[in-house]
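Welcome, and thanks for taking a look at this one. Here is a short briefing to read alongside the structure.

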Amino acid sequence: MTKVAIMGATGYAALELIKILLRNPDVEIVALTSRSEESPHISEIHPCLTGRLDLCCEALTPAEIAERSDFVFCALPHVASMEVIPDLLAEGCRVVDLSADYRLSDPAVYEKWYHHVHIDPTRLGSTVYGLPELWSEKIPDADLIANPGCYTSTAILGLAPLMAAGLIEPTGIIIDAKSGVSGAGRNPKLGTLYPECNESITAYGVGTHRHTPEIEEVLTTVGGKEVKITFTPHLTPMNRGILATMYPRLTKAVSREELLGVYRTFYEGKPFVRIIDAIPATKNVSGTNYCDISVQFAGDQLIVFSATDNLIKGAAGVAVQNFNLMAGYPETTGLIV
């Protein structure tokens with residue numbers, strides 16, 4: 001049995017992690033943590049787990065977690081993750097970090113966008129970025145994986161094949177993305193209360209959203225040229241899902257059929273990316289680890305569409321994908337439903 005701990009077990013992504021891991025008979029979830037002063041049973045926090053997992057959420061130190069587990073999913077907020085991950089690694093645990101603390105390479109960029117000084121900067125730039133469709137060969141031997149953000153996974157998967165092939169300009173890319181309310185997390189906020197967000201759609205984080213440098217850095221690595229994007233996220237009145245509508249500029253004339261061929265070749269053998277003919281819809285990926293991608297033309301303007309479930313392919317699902325590769329399980333274990 002592979003023994004697993006989940007730090008920060010009270011959130012939406014952690015719930016999805018638990019449900020996915022319970023489908024693997026060779027995995028045992030042995031520890032759950034929360035920042036609560038009490039020790040609630042997990043079924044009190046997530047009633048759908050009643051009778052499925054008999055654990056309480058505890059306030060455990062990294063050493064105590066390491067005594068019980070081999071792998072740790074760190075579903076803590078940014079800053080909180082980097083405060084515990086060095087100790088987890090020192091204790092011999094292997095870690096998949098769902099926060100943003102190890103996604104960026106430059107500590108100064110992290111400080112600019114997250115407004116905190118990074119306390120473990122030597123690992124930035126060397127931590128494997130956990131997008132298996134791009135770096136599956138680096139993941140199995142890694143001790144620490146930086147799990148991608150939800151908007152970032154959706155946008156990067158949609159643009160990476162064209163960037164790698166040199167078919168789009170690295171600057172002037174517009175990314176218009178809509179996300180369900182669960183992307184804002186479980187803690188109550190005024191803007192995500194039902195009367196505030198229902199029957200409404202609004203942009204937020206215009207020019208300031210923290211996934212911007214992450215998308216730019218990864219696509220720069222993929223294409224070998226500095227990428228600059230204009231990224232505008234929107235909150236939509238649905239529970240889950242992301243649809244990214246992207247407007248890159250082509251470097252040469254190419255047909256839609258040729259572009260779809262580029263995508264199919266790039267993602268050949270990648271089980272969770274589906275290149276489809278129709279325009280993707282969030283309902284078709286909801287509750288799954290799939291990313292649906294397609295392209296269309298409006299006159300001479302190429303439009304790329306990419307859809308994911310923000311809680312699964314955008315968080316828990318890709319985290320388990322990474323874990324499966326690290327632990328030696330088939331990549332799809334627990335993820336095909």
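The notes below go from the overall fold to salt bridges, surface charge and backbone angles.

Please keep in mind that this is a predicted model. The protein has 11 helices and 14 strands. Its radius of gyration is 19 Å, close to the 20 Å given by the globule rule for 337 residues, so the protein is as compact as a globular protein of that length.

**Overall dimensions and burial**

- The C-alpha trace spans about 60 × 45 × 40 Å along the principal axes of the protein.
- Of the 337 residues, 55% count as buried.

- Across the whole structure, a search turns up 12 salt bridges.
- Side chains of opposite charge can pair when their charged atoms come close.
- A network of salt bridges links Glu-16, Lys-19, Arg-240 and Asp-309.
- How exposed or buried is Glu-16? With a relative accessibility of 7%, Glu-16 counts as buried.
- Its two partners described above count as partly exposed: Lys-19 has a relative accessibility of 22%, and Arg-240 has 23%.

**Another salt bridge: Asp-120 and Arg-123**

- Asp-120 forms a salt bridge with Arg-123, and their closest N and O atoms are 2.8 Å apart.
- Asp-120 is buried, at 7% relative accessibility, whereas Arg-123 is partly exposed, at 25%.

**Negative charge at the surface**

- Which residues make up the negative surface patch? Glu-64, Glu-67, Asp-87 and Glu-91 form it.
- One of these, Glu-67, sits in helix H3 (residues 62-68). Its relative accessibility is 70%, and Glu-67 therefore counts as exposed, the cut-off being over 50%.

**The loop between S10 and S11**

- Asn-239 is located in the loop between strand S10 (229-235) and strand S11 (242-247).
- Asn-239 counts as exposed, with 63% relative accessibility, while Arg-240 counts as partly exposed, at 23%.
- From Asn-239 to Met-82, the separation is 157 residues in sequence and 29 Å in space, C-alpha to C-alpha.

**Positive phi angles**

- Most residues other than glycine have a negative phi. The residues in this group are worth a look for that reason.
- His-115 is not a glycine, yet its phi is positive, at about 60°. His-115 belongs to the loop between helix H5 (107-114) and strand S6 (128-129), and His-115 is exposed, with a relative accessible area of 59%.
- Glu-199, also a residue other than glycine, has a positive phi near 55°. Glu-199 is in the loop between helix H8 (194-197) and strand S9 (202-203), and with a relative accessible area of 74% Glu-199 is exposed.

Terms used
Residues are numbered from 1 along each chain as its sequence is written. This is a predicted model: local features need pLDDT of at least 70, side-chain atom pairs count only at pLDDT 80 or more; totals for chains, interfaces and linings use all residues. Side-chain values use heavy atoms; hydrogens and water are left out. Patches are made of residues with over 30% relative accessible area and no salt bridge: like charges are joined within 9 Å, nonpolar side chains (Val, Leu, Ile, Met, Phe, Trp, Tyr) within 5 Å. Accessible areas come from the Shrake-Rupley method with a 1.4 Å probe; for residues, only the protein chains shown count as cover. A salt bridge is a side-chain nitrogen of Lys or Arg within 4 Å of a carboxyl oxygen of Asp or Glu. Lys and Arg count as positive and Asp and Glu as negative; His and the chain ends are not counted. The place of a charge is taken as NZ of Lys, CZ of Arg, CG of Asp or CD of Glu. Helices (H or I, at least four residues) and strands (E, at least two) are DSSP runs, numbered from the N terminus. Buried means under 20% relative accessible area, exposed over 50%, partly exposed in between (1.4 Å probe, protein chains only). The radius of gyration is taken over C-alpha atoms; the globule rule is 2.2 Å times the number of residues to the power 0.38.
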